[in-house]
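The sequence and the model come first.

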Amino acid sequence: MSAEFPTARPRRLRRTPALRRMVAGTRLHPADLILPLFVKEGIDEPAPVQSMPGVFQHTRDSLRKAAHEAAEAGVGGVILFGIPAVKDARGSAADDPDGILQVALRDVASDVGDALVVLADTCLDEFTDHGHCGILTESGDVDNDATLERYASVAVAQARAGAQMVAPSGMMDGQVGAIRAALDADGFSELPILAYSAKYASSFFGPFRDAAECAPQFGDRSTHQQDPAGPLEEALREVRLDLAEGADAVMVKPALAYLDVIRRVRDEVDVPVAAYQVSGEYAMVEAAAANGWIDRDQMIMESLVSIKRAGADLILTYWATEVARRL
Ligand code: PBG
């Protein structure tokens, strides 16, 4: 055989499905997936979210059903978002023991709390009439320290209702420490915190604001969420601060446009790293698929594999139940 012919032939290991499966370097498992679910107060039927085909604002009953289906499929966790009937400037429904999110946490924790992890998103934007993630100053900026007191109270209300993990998503400085102290003082020192640590001010959150009815009435979130063009080290700093404040796991969000951040964080820390495949990532795939422009199922799997390969241990995805069934 002449020297022109390759002795190294990478194609050998790609020849059959069995070979490709055996040598795969990235494997998804249902338990890696966390399903975000929306529950809305005062509706009789689940309401489809226009910009997220297949996603619903649930009633209490349909939420229980969706959580059961997730558990049945082996999904690792569900994270609940609540949409109250009445909103006000301080987001009072967020820490009301009878508020929709607390009621839903109680339902889901008693139904499937042994089969999967019940998480609560800890923030105020779904609960405030202005749509911002906290208490506003007179000039309309989010008041960091006043908001911390609210987050502490919200996390405690969520824990008392049955949340098994809280996930502060508001990007206030010191939020993890404030929540940790409040939980400890209320007898929840064993309750873990998944910190949305590196969260960017992203256009990929657009459809979520329909789903959770939390579009800011003015301004945006760029005084607290990270600038997409900010230095990569800023994400590492946020992660380190959250860990120093007591975070048990950290999150990067969005996922697909921030795979480099996921990888850097994974290399840096010794706790589980989650990535949130957000509403806009979901909507892009569903919209293109509805037009027949892409192979939907393949693109879903490819995007999840890429997030896992980048270093995410856990993935929050609206496709969690569907994908868990397929795996
Ligand atoms: C804040 C929160 C948001 C998302 C999760 N938690 C919205 C925001 O920060 O504007 C976005 C999730 C998604 O886009 O799928 N409570």
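## Helix H5 and what follows

Helix H5 is followed by Gly187, whose phi is positive, near 90°. Helices (H or I, at least four residues) and strands (E, at least two) are DSSP runs, numbered from the N terminus. The model is a predicted one, in which local features need pLDDT of at least 70 and side-chain atom pairs count only at pLDDT 80 or more, while totals for chains, interfaces and linings use all residues. Residue numbers start from 1 along each chain as its sequence is written.

H5 spans residues 175-185, and its buried residues include Gln175, Val176, Ala178, Ile179, Arg180 and Leu183. A residue is buried if 20 or more other C-beta atoms lie within 10 Å of its own, exposed if 12 or fewer, and partly exposed in between, with C-beta atoms placed from the backbone. The buried residues of H5 pack against strand E5 (117-122), H4, strand E6 (165-168), strand E7 (194-199) and H7.

Strand E1 (residues 33-40) is largely enclosed by the rest of the structure, because eight of its eight residues are buried. On one side these are Leu33, Leu35, Leu37 and Val39, and on the other Ile34, Pro36, Phe38 and Lys40.

Strands count as paired if DSSP finds at least two bridges between them. Seven bridges join E1 to strand E4 (residues 77-83), and the two run parallel; here Lys40 has Ile83 as its bridge partner. Two bridges join E1 to strand E3 (residues 56-58), also in parallel, with Phe38 opposite Gln57. Two bridges link E1 to strand E10 (residues 314-316), again parallel, and Ile34 stands opposite Leu316 there.

Ile43 lies in the loop between E1 and strand E2 (47-48). With 16 other C-beta atoms within 10 Å, Ile43 is partly exposed. Residues are in contact if their C-beta atoms, placed from the backbone, lie within 7 Å. Not counting residues up to four places away in sequence, Ile43 touches Gln57 and Thr59. The C-alpha atoms of Ile43 and Ala181, 138 residues apart along the chain, are separated by 36 Å.

## The nonpolar core

A nonpolar core is a set of buried Ala, Val, Leu, Ile, Met, Phe, Trp, Tyr and Cys residues joined through C-beta atoms within 7 Å. The largest such core has 104 residues, of which Val78, Leu80, Leu119 and Ile262 touch the most other members. Helix H4 (residues 144-161) gives the most to this core, with nine residues.

Leaving aside neighbours within four places in sequence, Leu80 is in contact with Leu37, Val39, Leu101, Ala104, Leu105, Val108, Ala120 and Asp121.

## The ligand and an annotated site

Around the ligand are Asp121, Cys123, Asp125, Ser169, Phe205, Phe208, Arg221, Val278 and Ser279. A residue counts as near a molecule if its C-beta atom, placed from the backbone, lies within 6 Å of it. By class, this shell has four nonpolar, two polar and three charged residues. Ala, Val, Leu, Ile, Met, Phe, Trp, Tyr, Cys and Pro count as nonpolar, Asp, Glu, Lys and Arg as charged, and the others, Gly among them, as polar.

The UniProt annotation "binding site", from an unreviewed entry, covers Glu238. UniProt positions are given in the numbering used here, feature names are shortened, and annotations may be inferred rather than shown by experiment. Glu238 is placed in helix H7 (residues 232-244). Glu238 is buried, with 21 other C-beta atoms within 10 Å. Not counting residues up to four places away in sequence, Glu238 touches Ser197 and Ala198.

Terms used. Contact = placed C-beta atoms within 7 Å.
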